[in-house]
Amino acid sequence: FAASEEGAQAFEGFAEAASSFGAGPLRRHRGDCKAYQPSPPQGYRHPGLDGFDLVYGSEAIRSIFPFVTEQAQVMLHARRCGWMDAQGLGQTMLQAAKEGGRGGG
């Protein structure tokens with residue numbers, strides 16, 4: 001979420017660049033959000049729910065996520081971002097800490 005024009009420009013630049021590298025299409029939603037598809041409550045493999053959605057305007061954002069502050073003026077929703085092995089990352093970080101930070105990155 002961003003509350004400034006600079007934030008909106010940063011989101012647009014990131015989404016356009018990532019999309020150009022094959023991360024999926026960029027969909028822009030201005031005004032109403034009739035074309036915005038919410039994520040289903042289960043699963044992640046849903047046709048058309050890849051890439052990015054940029055939603056502009058506080059009212060449009062709050063129609064999707066009512067708990068978000070009214071100050072939010074643009075939202076970048078990155079779809080299917082992948083996964084990470086949190087347990088494996090934690091074990092690696094713990095091992096690096098035990099070694100005094102050597103080899104931890």
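Hi everyone. What we have is a predicted model, where local features need pLDDT of at least 70, side-chain atom pairs count only at pLDDT 80 or more, and totals for chains, interfaces and linings use all residues. Residues are numbered from 1 along each chain as its sequence is written, and side-chain values use heavy atoms, leaving out hydrogens and water.

Let's begin with the fold. The protein chain has three helices and three strands, in the order α-β-β-α-β-α from the N terminus. Here helices (H or I, at least four residues) and strands (E, at least two) are DSSP runs, numbered from the N terminus. The radius of gyration, taken over C-alpha atoms, is 18 Å, well over the 13 Å from the globule rule for 105 residues, so the chain is more spread out than a compact globule. That rule is 2.2 Å times the number of residues to the power 0.38. The C-alpha trace spans about 55 × 30 × 30 Å along its principal axes.

Of the 105 residues, 28% count as buried, meaning under 20% relative accessible area with a 1.4 Å probe, protein chains only.

Now to Asp-53, which sits in strand β2, residues 52-56. Is Asp-53 buried or exposed? Buried, with a relative accessible area of 1%. Its side chain makes a polar contact of 2.6 Å with that of His-29 and another of 3.0 Å with that of Arg-27. A polar contact is a pair of N or O atoms within 3.5 Å; within protein, one must be able to donate a hydrogen and the other to accept it, and residues adjacent in sequence count only if both atoms are side-chain atoms.

Thanks, everyone!

Note on methods
Buried < 20%, exposed > 50% of the residue type's maximum accessible area, 1.4 Å probe, protein only.
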